[in-house]
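Here is a friendly walk through one protein model, meant to be read with the structure open beside you. Take it topic by topic and turn the view as you go.

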Amino acid sequence: MISSDVIRGYNDTLILYMLLEGESYGYEISKNIRQLTEEKYVMKETTLYSAFTRLEKNGYIESFYLDENSMGKRRTYYRITPSGLDYYREKCEEWKVTQEVVNLFIREL
């Protein structure tokens, strides 16, 4: 498992990545992150929903409800905005530089 401290600055990037292909809701995003990382990273629910709030406040995602036929609770869906796509690209570029810097300090022993 990856420590949440290591990846904290990139939770937004992970969520935005999951929304690149289309709208989704919290549990599905969390499940897909877990599956894509082969259980190496599990985003806590509080982390996920804090990120949704921050991303929406900054205009990077939009939330909405879909009419569902089930008798269960109404789900909040999210979609990436054009500024969210720009932010995602910035974070990907930032990651490349971060990797370069950290790799300077990684040595096989």
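In what order do the 3 strands of the open sheet lie? The order is β1-β3-β2, with antiparallel pairing. Please keep in mind that this is a predicted model, in which local features need pLDDT of at least 70 and side-chain atom pairs count only at pLDDT 80 or more, while totals for chains, interfaces and linings use all residues. Residues are numbered from 1 along each chain as its sequence is written, and side-chain values use heavy atoms, with hydrogens and water left out.

**The whole protein**

- The protein has 5 helices and 3 strands; both are DSSP runs numbered from the N terminus, with helices being H or I of at least four residues and strands being E of at least two.
- Reading from the N terminus, the elements come as α-α-β-α-α-β-β-α.
- The C-alpha trace spans about 55 × 30 × 20 Å along its principal axes.
- Of the 109 residues, 30% count as buried, where buried means under 20% relative accessible area, exposed means over 50%, and partly exposed lies in between (1.4 Å probe, protein chains only).
- The accessible surface comes to about 8,000 Å², and 51% of that belongs to carbon and sulfur atoms; the areas come from the Shrake-Rupley method with a 1.4 Å probe, and for residues only the protein chains shown count as cover.
- Taking contacts between residues at least 6 apart in sequence, 55% join residues at least 24 apart; contact means heavy atoms within 4.5 Å.

**The sheet**

- Strands of a sheet pair through backbone hydrogen bonds, either parallel or antiparallel.
- Here, two strands are said to pair if DSSP finds at least two bridges between them.
- The edge strands are β1 and β2, each of which pairs on one side only.
- Strand β1 (residues 24-25) runs antiparallel to strand β3 (residues 76-80), and 2 bridges join them.

**Helices and how they pack**

- Two packed helices are described by the angle between their axes and the distance between the axes.
- Helix α2 (residues 11-19) packs against helix α3 (residues 26-36) at an angle of about 100 degrees, with the axes 10 Å apart.
- That makes α2 roughly perpendicular to α3; angles of 65 to 115 degrees count as roughly perpendicular, under 35 as roughly parallel, over 145 as roughly antiparallel, and the rest as oblique.
- The axes are lines fitted to C-alpha atoms, for helices over the stretch in contact, and the angles run from 0 to 180 degrees between N-to-C directions.
- On the α2 side, L14, I15, Y17, M18 and L19 meet I29, N32, I33 and L36 of α3.
- The residues of this contact divide into 8 nonpolar, 1 polar and no charged; Ala, Val, Leu, Ile, Met, Phe, Trp, Tyr, Cys and Pro count as nonpolar, Asp, Glu, Lys and Arg as charged, and the others, Gly among them, as polar.
- Helix α4 (residues 45-57) lies across β2 and β3, running at about 110 degrees to β2.

- F52 is found in helix α4 and counts as buried, at 2% relative accessibility.
- Leaving aside neighbours within four places in sequence, F52 is in contact with I15, G26, I29, I61 and Y78.
- F52 and Q35 are 17 residues apart in sequence and 20 Å apart in space, C-alpha to C-alpha.
- T13 lies in helix α2 and is buried, with a relative accessible area of 10%.
- Not counting residues up to four places away in sequence, T13 touches Y88, K91 and C92.

**Positive phi in a loop**

- Most residues other than glycine have a negative phi.
- E38, although not a glycine, has a positive phi of about 55 degrees.
- E38 sits in the loop between α3 and α4 and counts as exposed, at 57% relative accessibility.
- E39 has a phi near 70 degrees, a positive value in a residue other than glycine.
- E39 is found in the loop between α3 and α4 and is partly exposed, with a relative accessible area of 43%.
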